[in-house]
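Trainee: I would like to learn how to read a protein model feature by feature. Please show me one and ask me to look closely.

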Amino acid sequence: MDLLCYTWILMLSALTRIEGTFKVSTQDLKVLVNQQKSFNLSLTDSLPQDKVVRVTLDIQHVDLLSANPNNFTVSQDEREWIIDVKGLSAGHSIVSANVTPKNVTDFSEAFVRVTIEKSESLYHISAVVGWVYFLAWSVSFYPQIYINYKRKSVVGLNFDYLSLNLVGFLMYALFNCGLYWIPEIENEYFRRYPKGLNPVQINDIFFAIHAVFATAITIGQCFIYEIGTQRVSTTARIIHGIFSVFILISLILSFVRTIHWLDFLYYCSYVKLSITLIKCIPQAYYNYRRKSTVGWSIGNIFLDFTGGILSMLQMILNAYNYDDWESIFGDPTKFGLGFFSVAFDIFFIIQHYVLYRNRTEYTELPGHCKEEPKCSCNA
């Protein structure tokens with residue numbers, strides 16, 4: 001009986017043996033509306049003479065893109081074909097090779113992600129805008145570090161804001177590094193989204209790690225400079241406790257393989273998202289309670305405001321260029337976070353230049369107080 005089963009398995013394997021693999025010359029292609037580009041589709045091994053294989057190109061959105069030829073029969077002496085695609089309307093589409101019979105060749109990687117643009121100039125403008133806001137956000141940490149150093153004091157900088165910022169950027173760095181550098185997690189992502197792109201780029205990793213470093217430097221200043229009566233509040237400690245329990249449970253579930261490591265990284269990103277929504281509230285309330293913004297860098301706010309505005313501008317440019325307004329209105333999380341951050345920046349600017357422009361501060365040291373000068377270090 002066992003011998004019979006083994007024989008059937010061998011026969012089935014022989015009948016379904018893969019003869020070759022279809023591949024494409026590129027899996028990402030960019031084309032302008034009403035213009036044409038091409039890619040190569042190739043077969044790694046020749047097929048036996050008795051095999052008749054037909055290739056049909058499936059287009060995800062036929063109103064956006066056309067392909068020529070869109071179907072053909074594989075001949076014995078031909079192993080590479082040039083496929084021309086023409087942009088009909090702006091957007092994103094996927095061209096996939098569908099091969100019949102299906103059990104003869106492997107065509108799982110024979111697909112091309114095509115981006116159809118309205119304007120090449122808008123693409124380059126968007127890229128420049130992206131790098132400018134990346135630099136603005138990266139530099140935004142240093143005005144606060146400089147002010148702390150010049151004043152030899154961190155009075156005016158809220159510790160709840162700092163602690164939340166550090167945890168948020170740690171979670172963001174963990175998500176980016178894990179998805180970009182750990183093959184097992186990246187493979188799990190592509191198993192779920194076989195025709196997707198890894199959403200993490202090298203500049204995302206640099207920004208996240210740099211943000212952790214810069215925030216750690218700022219926290220280090222709190223141990224060597226004047227702090228007044230400041231401390232991390234009970235409310236912030238409770239929030240940190242909730243986040244810690246959530247991450248610890250997720251970590252344990254990942255170790256025992258109840259959830260995938262990719263899910264653990266997604267949970268880390270949810271913590272970062274939550275922190276982004278609440279982290280500015282303690283600093284805004286602290287300024288209100290002190291009726292002063294002395295010690296809180298307005299330079300940081302201007303850079304963050306610049307980065308937020310340019311980030312939203314890039315999203316709008318891309319949405320117009322690719323006719324992809326769903327990326328903003330269909331999934332408003334990223335745009336909403338940028339808008340929320342910019343709204344807080346405007347509120348901080350109003351606090352600094354309107355509400356508390358005289359900026360008289362008490363040092364919060366027990367037993368004495370003093371008025372700080374309106375110095376250029378906080379302008």
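Trainee: Is E120 buried, partly exposed or exposed?
Mentor: Buried means under 20% relative accessible area, exposed over 50%, and partly exposed in between (1.4 Å probe, protein chains only). E120 has a relative accessible area of 32%, so E120 is partly exposed. Before we go on: this is a predicted model, in which local features need pLDDT of at least 70 and side-chain atom pairs count only at pLDDT 80 or more, while totals for chains, interfaces and linings use all residues. Residues are numbered from 1 along each chain as its sequence is written, and side-chain values use heavy atoms, with hydrogens and water left out.

Trainee: With which residue does E120 form a salt bridge?
Mentor: Side chains of opposite charge can pair when their charged atoms come close. A salt bridge here is a side-chain nitrogen of Lys or Arg within 4 Å of a carboxyl oxygen of Asp or Glu. E120 forms one with K30, and their closest N and O atoms are 3.8 Å apart. E120 lies in helix 2 (residues 120-139) and K30 in strand 2, so the pair ties together parts that are 90 residues apart in sequence. K30 is also partly exposed, with a relative accessible area of 25%.

Trainee: How many helices and strands does the protein have?
Mentor: Both are DSSP runs numbered from the N terminus: helices are H or I with at least four residues, strands are E with at least two. The protein has 12 helices and 10 strands.

Trainee: Which strands are joined to strand 10 by bridges?
Mentor: Two strands pair if DSSP finds at least two bridges between them. Strand 2 (residues 28-32) runs parallel to strand 10, and five bridges join them; L32, for instance, has E117 as its bridge partner in strand 10. Strand 8 (residues 91-100) runs antiparallel to strand 10, with six bridges between them, and V95 has V112 as its partner there.

Trainee: Why is strand 10 largely enclosed by the rest of the structure?
Mentor: Seven of the seven residues of strand 10 (residues 111-117) are buried, so the strand is largely enclosed. F111, R113, T115 and E117 point one way, and V112, V114 and I116 point the other way.

Trainee: Which residues touch the most other members of the largest nonpolar core?
Mentor: A nonpolar core is a set of buried Ala, Val, Leu, Ile, Met, Phe, Trp, Tyr and Cys residues joined through side-chain atoms within 4.5 Å. In the largest core, of 29 residues, they are F22, L41 and V74. Strand 4 (residues 53-59) gives the most to this core, with four residues. Apart from it lies another core of 18 residues, among them F175, F243, L262 and L265.

Trainee: What is H240 in contact with, leaving aside its neighbours within four places in sequence?
Mentor: Contact means heavy atoms within 4.5 Å. Leaving those neighbours aside, H240 is in contact with S163, L164 and V167. H240 lies in helix 7 and is buried, with a relative accessible area of 16%.

Trainee: Which residues form a nonpolar patch on the surface?
Mentor: Patches are made of residues with over 30% relative accessible area and no salt bridge, with like charges joined within 9 Å and nonpolar side chains (Val, Leu, Ile, Met, Phe, Trp, Tyr) within 5 Å. Accessible areas come from the Shrake-Rupley method with a 1.4 Å probe, and for residues only the protein chains shown count as cover. Here V245, L248, I249, I252, L253, F255 and V256 form the patch, with about 660 Å² of accessible area together. I249 lies in helix 7 (residues 234-255) and is partly exposed at 46% relative accessible area.
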